[in-house]
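Good morning, colleagues. May I ask you to look at the next model on the screen while I go through its features.

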Amino acid sequence: MFGPEAIQNFLYSLEIMGLGMVGIFVVMLVLILFITVLTKIGSGSKKDRS
């Protein structure tokens, strides 16, 4: 039904899609860590003021 070239192109597209999903996951983790650090810094400075 599908030729070897079509199957090869499909595998390439799966590889590219997988890399994109990994990239999105990494960016989300970096943002979560960044926001967590900012929250801890912000709450620490509020405790020092009072």
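Ser13 is found in helix H1. Please note that this is a predicted model. At 38% relative accessibility, Ser13 counts as partly exposed, because that value falls between the 20% limit for buried and the 50% limit for exposed. A polar atom of the Ser13 side chain lies 2.6 Å from the backbone oxygen of Phe10.

Which residues make the nonpolar surface patch of about 960 Å²? Phe10 is one of them, together with Met1, Phe2, Ile7, Leu11, Leu14, Met17 and Met21.

Let me take Leu11 from that group. Leu11 has its place in helix H1, which covers residues 4-49. Its relative accessible area is 45%, so Leu11 is also described as partly exposed.

I turn now to the chain as a whole. How many of the 50 residues count as buried? The share is 0%. Finally, the accessible surface of the chain comes to about 4,800 Å², and carbon and sulfur atoms account for 76% of that area.

Note on methods
Residues numbered from 1 in each chain as written. Predicted model: local features only at pLDDT ≥ 70, side-chain atom pairs only at ≥ 80, totals over all residues. Heavy atoms only, no water. Patch = residues over 30% accessible without salt bridge, like charges linked within 9 Å, V, L, I, M, F, W, Y side chains within 5 Å. Areas by Shrake-Rupley, 256 points an atom, 1.4 Å probe, with all protein chains shown as cover. Salt bridge = Lys/Arg side-chain N within 4 Å of Asp/Glu carboxyl O. Helix = DSSP H or I, 4+ residues; strand = E, 2+ residues; numbered from the N terminus. Buried < 20%, exposed > 50% of the residue type's maximum accessible area, 1.4 Å probe, protein only. Polar contact = N/O pair within 3.5 Å; in protein donor to acceptor, adjacent residues only side chain to side chain.
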